[in-house]
Amino acid sequence: MSSRLSAAAGAAIRRLRQGKGWTLAELSTRSGVPLSSLSKVELGQTSLAYDVLIRVCRALEVEVDHLVRPEPLPSPPRARSGRRSVVRAGEGEPRRLGGHAASIGATDLLQRDITPVVLEICETRRNGSLMRARGDAYLRVLSGAVVMHSEVYAPLALQPGDAVFFDGEMGFALTASDGQPSQVLLIHQGDRLLEA
């Protein structure tokens with residue numbers, strides 16, 4: 001499969017999976033295809049052998065040609081009303097996420113395409129639970145040093161100012177790496193994080 005077709009098929013698999021509300025792990029279980037392979041396919045980094053592609057299509061209940069059909073033109077973006085939400089220092093809705101104290105911003109907006117979260121990372125060991133975000137996510141270390149754990153990649157050490165853009169659906173956890181409390185900014189799609 002050409003790289004253009006691989007990228008189109010990967011995007012289609014991701015769209016179909018998200019349309020069913022499945023995580024990568026769920027599609028992996030239903031298709032028998034390793035999660036790491038599915039992640040690389042969705043990112044357009046590799047293609048699947050035909051027999052493996054058939055298993056994915058069966059799990060998604062679509063024909064193979066559905067993965068390379070042209071997409072309908074996107075609808076025009078909805079008009080915004082110039083809304084804004086100001087979050088002052090020390091403000092934000094307090095919550096616990098992934099075992100960490102969190103401050104959620106912009107909760108006064110009823111519908112948000114993205115949600116900013118400031119997490120206080122104090123634990124130096126994983127507590128077992130993973131956080132998941134719908135779609136893409138962005139994490140930036142504000143202070144301290146952290147380690148990002150995920151279902152797909154080896155642990156990633158991050159220093160203040162370091163950032164990572166990632167697929168939030170793969171499941172991730174954060175720990176403080178030097179025993180000192182750390183603070184990170186997490187921006188994710190939608191209005192909530194899931195914990196599993």
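Q: Helices (H or I, at least four residues) and strands (E, at least two) are DSSP runs numbered from the N terminus, so which helix has S39?
A: S39 sits in helix α3, residues 35-42. This is a predicted model: local features need pLDDT of at least 70, side-chain atom pairs count only at pLDDT 80 or more, and totals for chains, interfaces and linings use all residues. Residues are numbered from 1 along each chain as its sequence is written, and side-chain values use heavy atoms, leaving out hydrogens and water.

Q: Is S39 buried or exposed?
A: Buried, at 4% relative accessible area. The cut-offs are under 20% for buried, over 50% for exposed and partly exposed in between, with a 1.4 Å probe and protein chains only.

Q: What does S39 touch, skipping neighbours within four places in sequence?
A: L24 and V152, where contact means heavy atoms within 4.5 Å.

Q: New topic: how many cavities of 30 Å³ or more?
A: Two, searching the whole structure. Points join across faces, edges and corners, and volume is the space filled by probe spheres set on them.

Q: What's the volume of the largest?
A: About 60 Å³. Strand β8 (residues 172-176) gives the largest share of its lining, four residues, and F172 is one of the lining residues.

Q: Which aromatic pair is F172 in?
A: F172 pairs edge-to-face with F166, 5.0 Å centre to centre and 75° between planes. Phe, Tyr and Trp (six-membered ring) pair with centres within 6.5 Å; under 30 degrees is stacked, over 60 edge-to-face, the rest tilted. F166 is buried at 6%, and F172 at 0%.

Terms used
On a 1 Å grid over the protein atoms alone, a cavity is a set of points where a 1.4 Å probe fits but cannot get out, and a pocket is an open set with protein on both sides within 12 Å along at least five of seven lines; lining residues have an atom within 4 Å of a point.
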